[in-house]
Amino acid sequence: MSATGGVAGGGAGTGYASIFVQEDVSTAEVDRLEAVHAPLADSVRDLVAATIQTCVDEDEVREVRAEVDALVARLRARRIDGPAGVRYNAEGRSWSWGNAVVGERNAVAPPLDVVRDPDDLVHAETVLGVQYEGPPGMVHGGVGALLLDHVMGVAASARKRVTFTGTLTMRYVRATPLGPVRIEARVDREEGRKVFVVATLADPDGVTVEAHGVFIVPSWAVTDA
Ligand SMILES: CCCCCCCCCCCCCC(=O)SCCNC(=O)CCNC(=O)[C@H](O)C(C)(C)COP(=O)(O)OP(=O)(O)OC[C@H]1O[C@@H](n2cnc3c(N)ncnc32)[C@H](O)[C@@H]1OP(=O)(O)O
């Protein structure tokens, strides 16, 4: 999120008009809310991992389930109706709390902080735990594609330009062990509304996945800026 600016977008008929929403809220207030909610998502991540790994007895599992159901009911007592969408303020701060990769409130998302360097290399690091397993002890191939897609999308989208994934090609060079990973992406070239992006996913021993993508500035998002 820190790598993207606000995007005035989602024209009539696109279906996106209601999810790119400008809000009259200060950056300080958005930061304050994130500081309250992000730790809850962290705790839920721990809950997911604990649910996979627990060896407690069956009665304990049933009791924990009842407690979790009660917590869910408390959180749902007041809630938005539908997805969190992408929001931005007049200061250019954007936030997408439900995003599957970077959503600050989304426990499904690994805690991925995407950074854009001054030379436009976009990168992110995270540790993939037991929740992301595919082959035994290894990262699920779709999870690798998910992370790459997002970081590549940030690279393609640049500051005030929004792009959508058109085509993604993955070459799985070798299996990625669960644990620390680094994703890097950069724009290779542009042709009209098409942005060609190259990227890698790596473990500490080197590249495990190479990716090429075509990201498209949708016709409804074309601006003069
Ligand atoms: C606050 C804001 C934050 C914003 C977030 C920032 C970071 C977020 C990061 C998120 C990252 C996660 C990101 C996600 O998860 S994005 C979600 C996954 N992607 C989608 O859902 C996309 C669905 N498809 C579409 O919306 C449209 O089909 C698009 C927008 C792709 C094109 O529809 P449009 O009507 O505009 O296009 P056009 O027909 O005029 O064609 C234009 C040109 O493009 C070429 N072409 C067309 N389709 C494809 C294709 N599939 N592959 C390759 N090329 C394609 C076409 O030949 C033509 O080329 P040329 O003939 O001119 O040479």
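**Around the ligand, and beyond**

Author: Of the protein's 225 residues, 27% count as buried (20 or more other C-beta atoms within 10 Å of the residue's own; 12 or fewer is exposed, in between is partly exposed, and C-beta atoms are placed from the backbone). Keep in mind that this is a predicted model: local features need pLDDT of at least 70, side-chain atom pairs count only at pLDDT 80 or more, and totals for chains, interfaces and linings use all residues. Residue numbers start from 1 along each chain as its sequence is written.

The protein has 3 helices and 9 strands (DSSP runs numbered from the N terminus, helices being H or I with at least four residues and strands E with at least two). Starting at the N terminus, their order is β-α-α-β-β-β-β-α-β-β-β-β.

Now the close look, at the ligand. There are 23 residues around it, and Ser94, Gly153, Gly166, Thr167 and Pro218 come nearest (a residue is near if its C-beta atom, placed from the backbone, lies within 6 Å). Two or more shell residues each come from β2 (86–88), α3 (141–157), β6 (164–172) and β9 (206–216). The largest share belongs to α3, with 5 residues. By type, you get 9 nonpolar, 11 polar and 3 charged residues in the shell (Ala, Val, Leu, Ile, Met, Phe, Trp, Tyr, Cys and Pro are nonpolar; Asp, Glu, Lys and Arg are charged; the others, Gly among them, are polar).

Leaving out residues up to four places away in sequence, glycine 213 touches Met152, Thr165, Thr167, Leu168 and Val197 (contact means C-beta atoms, placed from the backbone, within 7 Å). Thr167, then, is one of the residues that come nearest the ligand and also touches glycine 213. Across the whole protein, 65% of contacts with a separation of 6 or more join residues 24 or more positions apart.

β2, one of the shell contributors, belongs to an open sheet of 3 strands in the order β1-β2-β3, with mixed pairing (strands pair if DSSP finds at least two bridges between them). β1 (20–22) and β3 (94–95) are the edge strands; each has a single partner, so one side of each has no neighbour in the sheet. β2 and β3 run antiparallel over 2 bridges, and arginine 87 faces tryptophan 95 in β3.

Elsewhere, β5 (residues 122–128) pairs antiparallel with β7 (residues 179–191) over 7 bridges, where histidine 123 has glutamate 184 as its bridge partner. β7 also pairs antiparallel with β8 (residues 194–203), over 9 bridges, and there alanine 185 is opposite alanine 199. These two strands make a hairpin with 2 residues between them, and glycine 192 in the turn has a positive phi of about 60°.

α1 (residues 27–53) covers 38 Å from first to last C-alpha with its 27 residues, close to the expected 39 Å (1.5 Å times one less than the number of residues). α1 bends by about 30° at alanine 35, with proline 39 following within four residues (the bend is the angle between axes fitted to the seven residues ending there and the seven starting there). α2 (residues 58–75) has 18 residues, and its 26 Å span agrees with expectation. The number of buried residues in α2 is 0, so this helix lies largely in the open.

Terms used:
Contact = placed C-beta atoms within 7 Å.
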